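Subject: Model for you to look at

Hello,

Here is the structure I promised. Please open it first, then read my notes below.

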Amino acid sequence: MQLLVIEDDAKTAAYLCKGLKESGHNVDHAGDGKDGLFMAMENEYDAIVIDRMLPELDGLSVIRTLRAAKKSTPVLVLSALGEVDDRVKGLKAGSDDYLVKPFAFSELMARLEALTRRSEGDGSQTVLRVADLEMDLLSREVRRAGIPVELQPREFRLLEYLMRHAGQVVTRTMLLENVWDYHFDPQTNVIDVHISRLRGKIDRDFDQPLLQTIRGAGYCLRA
Amino acid sequence: MSYVSVFTLSVLMLMGFIYLHTFSYMAQQTDSTIESEINGLKESYRHDGIPGLTQLIANRVSPESVGSVILVLVDPRLNVVVGNLERWPNVPGTPDGWLNFKLDQKQPGGETPRWARARRFRLAEGFFLLVGRDLHDLEMSRKAIARTLTWALVIAAVMALVGGLAITRRLLSRIEMINQTSHEIINGDLARRIPTGSTGDDFDQLSTNLNQMLDRIEELMEGVRRISDNIAHDLRTPLARLRNHLDELKSDFKNADDAELVEQAIQEADGLLATFNALLRIARIESERQPDYLVDVDLSQVIRDAADLYEPLAEEKSQTLEVAVPGTQALVQGDRGLLSQVVANILDNAVKYTPPEGTIRVNLSNGPLSVSLMIADSGSGIAVGEREKVFQRFYRLESSRSSPGNGLGLSLVAAVVSLHHAKIRLEDNRPGLRVVIDFPKRHG
């Protein structure tokens, strides 16, 4: 992937660039909002990681300018602020995802993967397929190897999100945010229970498990 | 009230003193007037004898002469020679001749007998002379003074009562003001201060002192909180870096046991980060006084979503989760995310502390004045003495120290509840804990 990191703090920027490069991506770095906006306008990036507080031009203004210029590059905002309504402001300005510092690198990576895939997919699919698992979004039916699987509405949405991001690591936080619209981590790991319940419905009677747990990171639905 | 009676009693004593003093002075005046008159008559007697004295008395008591003078001269057989009394008063007197007697003259409309004071003495030739004063005028004056003083006493008492009431009410209202402010502070509004006047009286000084004390307490509390928040804030970034270094390191370990150790270290770091984040989140919510981003939130939906999230967890522990919410919307002014976390945190505790086969009930009632949320479990409950403490940061019940958690869940609940101007209380569910939160009804 071709990525742009706009971050003024040298330590964070070095850490980000190093990690992203090691994960096999091409990374450009801008140290302030002005340079960052210029680079984002000039080049085609798969995704942009931008700090909220920047010299010259703040992060949200950069995003607003990009969107006004019809640049739809996915943007992930990093912020040290954790104000309650901060995320909403970020999303309103046109960002696609929001991550509060400090964050685990695996969390950032998972989110970037999700963002770039989302921009690739055409979103108009009516049937999702992973191996022999099939989800019909119109009739809301799920089949594994042709056998119907009964799902509760919430389980359906959970599986839909996993299938839309098939092959990617999906973190617990991402599931909470996207399936439950919860932007906090509950004390107990409730997501694990939901996953194991879903696993019981789609994987138990089959030889090949599709829903996998990635230790220390999250889950992945893949053949 | 006692102040009024003490005041009235002292006024009474003062009046009594004035009365007695004035009256005895007047009586003395009478006596000395009589005395000097006697001296004058004695002089005349020495010069002119009985005939001269008779003439003089006749002049003094002639019908034209008005006044209260009483003069009588009697011969040795006590027959009146001259004077304005018909009879010689036959009453005992003091050894030196002073006596008080009743005048038996007919008074026009005078029903009370008039009194007179006089001194009698013997003249050389066996004649007796009586010199006195009609006490009527004196009596009138005495009565007038008594009346005046009684009225003065009544007026003073009434004024003392009215003034006392006014002062008492002023004092009470100021004490009430201090009480009310104290209550608001006890109820959590630590920024409140007692209003002070500009007069600089004792109450103003008391209020100023109390306010300074409150400032100091708030400063100290703020200091403690700031320290923990600063620690959380400053340690968060290096901790995250440590966690990420461990993460990078993990792939280098080919040995499964070593990798497992690193993974455990990462999880410890994640737990610490979660605690720091929770602490900072509470601090931020608490510092948010007048949030302008609160919107209409349907509590029914919030509860259904949270119950949906926790239902599998309860089922895994064979617990029954009963949810009763109205079919219609139950709107409150709030932040959906924070309210969801409140319900989630309480449900989290309920599932954690309720034994298998237990029951957790969630109930929402939409009243005319408030929306009331109740979450009851059949766990071990919380002792009365610990119910307030569980809202403190890092406070954990003795019985729950072994179970996972950071002791911040209910602190966050309390902060969010206060942000929404709601009230939370913990009750005994016999057995178990019942958490009740009353949200004020949305305006309009």
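**What I found**

Chain A holds eight helices and twelve strands. Helices (H or I, at least four residues) and strands (E, at least two) are DSSP runs, numbered from the N terminus.

A word on the source. This is a predicted model: local features need pLDDT of at least 70, side-chain atom pairs count only at pLDDT 80 or more, and totals for chains, interfaces and linings use all residues. Residues are numbered from 1 along each chain as its sequence is written, while chains are lettered from A and ligands numbered from 1 in the order in which they are written.

**Chain A overall**

Of the 223 residues in chain A, 36% are buried. Buried means that 20 or more other C-beta atoms, placed from the backbone, lie within 10 Å of the residue's own. Among the chain A contacts with a separation of 6 or more, 56% join residues 24 or more positions apart. Two residues are in contact if their C-beta atoms, placed from the backbone, lie within 7 Å.

**The parallel sheet**

Five strands of chain A make an open sheet in the order E2-E1-E3-E4-E5, with parallel pairing. Strands E2 (26–30) and E5 (97–100) of chain A are at the edges; each has a single partner strand, so one side of each lacks a neighbour in the sheet. On average, neighbouring strands of this sheet are turned by 20° against each other, direction ignored. Axes are lines fitted to C-alpha atoms, for helices over the stretch in contact, and angles run from 0 to 180 degrees between N-to-C directions.

Strand E1 (residues 2–6) of chain A pairs with strand E3 (residues 47–51) of chain A in the parallel sense, over four bridges. Pairing requires that DSSP finds at least two bridges between two strands. Leu4(A) has Ile48(A) in E3(A) as its bridge partner.

**The antiparallel sheet**

A four-strand open sheet of chain A has the order E6-E7-E8-E9, with antiparallel pairing. Its edges are E6 (127–130) and E9 (147–149) of chain A, each with a single partner strand, so one side of each has no neighbour in the sheet. Here neighbouring strands are turned by 25° against each other on average, direction ignored. Strands E7 (residues 133–136) and E8 (residues 141–144) of chain A pair in the antiparallel sense over four bridges. Met135(A) has Val142(A) in E8(A) as its bridge partner. H6(A) lies across E6, E7 and E8 of chain A, at about 70° to E6(A).

**H6 and H7 of chain A**

The axes of H6 (residues 153–164) and H7 (residues 172–179) of chain A come within 10 Å and cross at roughly 125°. H6(A) and H7(A) are therefore oblique to each other. Oblique covers what is left after under 35 degrees (roughly parallel), over 145 (roughly antiparallel) and 65 to 115 (roughly perpendicular). H6(A) supplies Arg157(A), Leu158(A) and Tyr161(A) to the contact, and H7(A) supplies Leu175(A), Asn178(A) and Val179(A).

**The interface**

On chain B, 33 residues are in contact with 24 residues of chain A. H6(B) gives the most to that side of chain B, with eight residues.

Best wishes

Notes: A residue is buried if 20 or more other C-beta atoms lie within 10 Å of its own, exposed if 12 or fewer, and partly exposed in between; C-beta atoms are placed from the backbone.
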